[in-house]
Amino acid sequence: MINKVYLDRKKPTFKGNLHLHTTWSDGSLPAVQVVEAFKSKGYHFISITDHDIYARTDEFNTADFVTLPGMERGGLNQIADKNPGYHFGVLNDPTVDSELDRFGHLEQFPVPIPWVGDHSPQLLIDDMRAHGNLVIFNHPEWHLTRFEDMVKYDGFFAIEIYNHATEWSTTSSYGAAYWDHALQNGKRVFGIAADDSHEHDPNWKFPEYGGGWVQVQAAALDPVDIVKSLKQGEFYSSSGPEIYDLRVVDGQLMIECSPCKFIMFKSFPQRGAFLVNFDSGEPMTHASMKVEQDMHYIRVECIDFQGNVAWSNPIFVADLLQGGE
Ligand SMILES: [Zn+2]
Ligand SMILES: [Zn+2]
């Protein structure tokens, strides 16, 4: 088994939100104010993902803040007007040659999208990718997605495992069970926490923004480097805690994090280690577990004393066995 570093405490880490709305669709603030709101909260990058309208806002990019072009594509309902419909995050991928023209700034797309059979979501995913985008399966719990969809459809690079706005509005925000279903069926997909913020009122005691984010380890704060790292899974998601380091050394998966109540290694097919100081109540800041060769994947959740979570991406055990014993 080889040693491998997944998150390195020495590498620069950039905080970003990959899902939010502005007045270009149903958000409450114009893009320029949304950019300022996230800058003031210490974010390094955002993607403006309005409903069915693409944003390409290089004019907001500075040395310490970048915007990644994107949108949220939806309006695809199996039963028209009877369920919330599929929503996909669409994120410009500057690291590939686009088969078809890339979308332009404020390019609009028609809704609803006609349902032409069970392959309709796949047609949409394929079309977004052909135009040079990555696709994220947004808020599966809020959408009442069938678990089988995680396996039936292909081409999304990540699943939104925490969506802050749907926690805020309907407490249906956690998609990690969908993620495990995909992973258990052999998918190599990552997990993304995001805001999906529509309102940006900093005076609210329970704000709708700043509640879910990704921390990306990248060579530089640059759209190409950020997307490159996202595609490699060199990031973690959070609604609060921080993960400083994650690596496999001599067959042990080791994590370092900010002070947490629980650290849970979610592995498949065997259950992983669960760590908590029941007796002393002392916070956990690091943990490890042995990687078994017959495990498919292990991912780690660090849960703080407020119940907020940091989710590592999965490590795929097969990757560690290549070139190992
Ligand atoms: Zn949505
Ligand atoms: Zn949204």
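This is a predicted model: local features need pLDDT of at least 70, side-chain atom pairs count only at pLDDT 80 or more; totals for chains, interfaces and linings use all residues.
Residues are numbered from 1 along each chain as its sequence is written, chains are lettered from A and ligands numbered from 1 in the order in which they are written, and side-chain values use heavy atoms, with hydrogens and water left out.

On to the metals. Donors here are N, O and S atoms within 2.8 Å of the metal (3.2 Å for Na, K and Ca), and with water not among the atoms, sites may look incomplete. The zinc ion (ligand 2) has His19 (NE2), His21 (NE2), Glu72 (OE) and Asp196 (OD) as its protein donors, 2.0 to 2.1 Å away. Along the chain, these residues are spaced H-x1-H-x50-E-x123-D. Histidine 21 lies in the loop between β2 and α1 and glutamate 72 in strand β5 (residues 70–76), so this pair ties together parts that are 51 residues apart in sequence. Helices (H or I, at least four residues) and strands (E, at least two) are DSSP runs, numbered from the N terminus. The angles subtended by the four donor atoms around the zinc ion (ligand 2) run from 81 to 172°, which makes the arrangement irregular. For four donors, tetrahedral would need all angles between 85 and 135 degrees; four count as square planar and six as octahedral if opposite donors are over 155 degrees apart and all others between 65 and 115, and anything else is irregular.

The zinc ion (ligand 1) takes Glu72 (OE), His87 (ND1) and His139 (NE2) as protein donors, 2.1 Å from it, with the spacing E-x14-H-x51-H. Glutamate 72 lies in strand β5 and histidine 139 in the loop between β7 (133–137) and α3 (140–143), so this pair links parts 67 residues apart in sequence. Glutamate 72 also bridges the zinc ion (ligand 1) and the zinc ion (ligand 2), which lie 3.4 Å apart. Burial is set at under 20% relative accessible area, exposed at over 50%, and partly exposed in between (1.4 Å probe, protein chains only). Glutamate 72 is buried at 1% relative accessibility, histidine 21 at 0% and histidine 139 at 3%.

Next, the packing. A nonpolar core is a set of buried Ala, Val, Leu, Ile, Met, Phe, Trp, Tyr and Cys residues joined through side-chain atoms within 4.5 Å. The largest one has 32 residues, and Phe156, Ile159 and Trp311 have the most contacts inside it. Elements supplying at least two residues each include β5, α2 (120–130), β8 (158–163) and β17 (297–303), but the largest share, five residues, comes from α6. Domain 1 and domain 2 both give residues to this core, so it lies between them. Beyond its neighbours within four places in sequence, isoleucine 159 is in contact with residues including Ile136, Phe137, Tyr178, Trp179 and Phe190. Apart from this core lies another, of 25 residues, among them Met1, Leu7, Tyr236 and Leu253.

In α6, the buried residues include Ala176, Tyr178, Trp179 and Leu183. Glycine 186, with a positive phi near 90°, follows α6. In helix α1 (residues 31–40), the buried residues are Ala31, Val34, Val35, Ala37 and Phe38. They cover an arc of only 160° around the axis, which puts them on the same side of α1; the arc is that of the directions from the helix axis to the C-beta atoms. Their cover includes β2 (13–17), β3 (45–47) and β4 (66–68).

Most residues other than glycine have a negative phi, and most peptide bonds are trans. Aspartate 250 is exposed at 68% relative accessibility, whereas leucine 106 is partly exposed at 35%. Cis peptide bonds join valine 111 to proline 112, with omega near -5°, and phenylalanine 268 to proline 269, with omega about 5°.

Methods:
Contact means heavy atoms within 4.5 Å. Domain bounds come from an automatic or database domain assignment.
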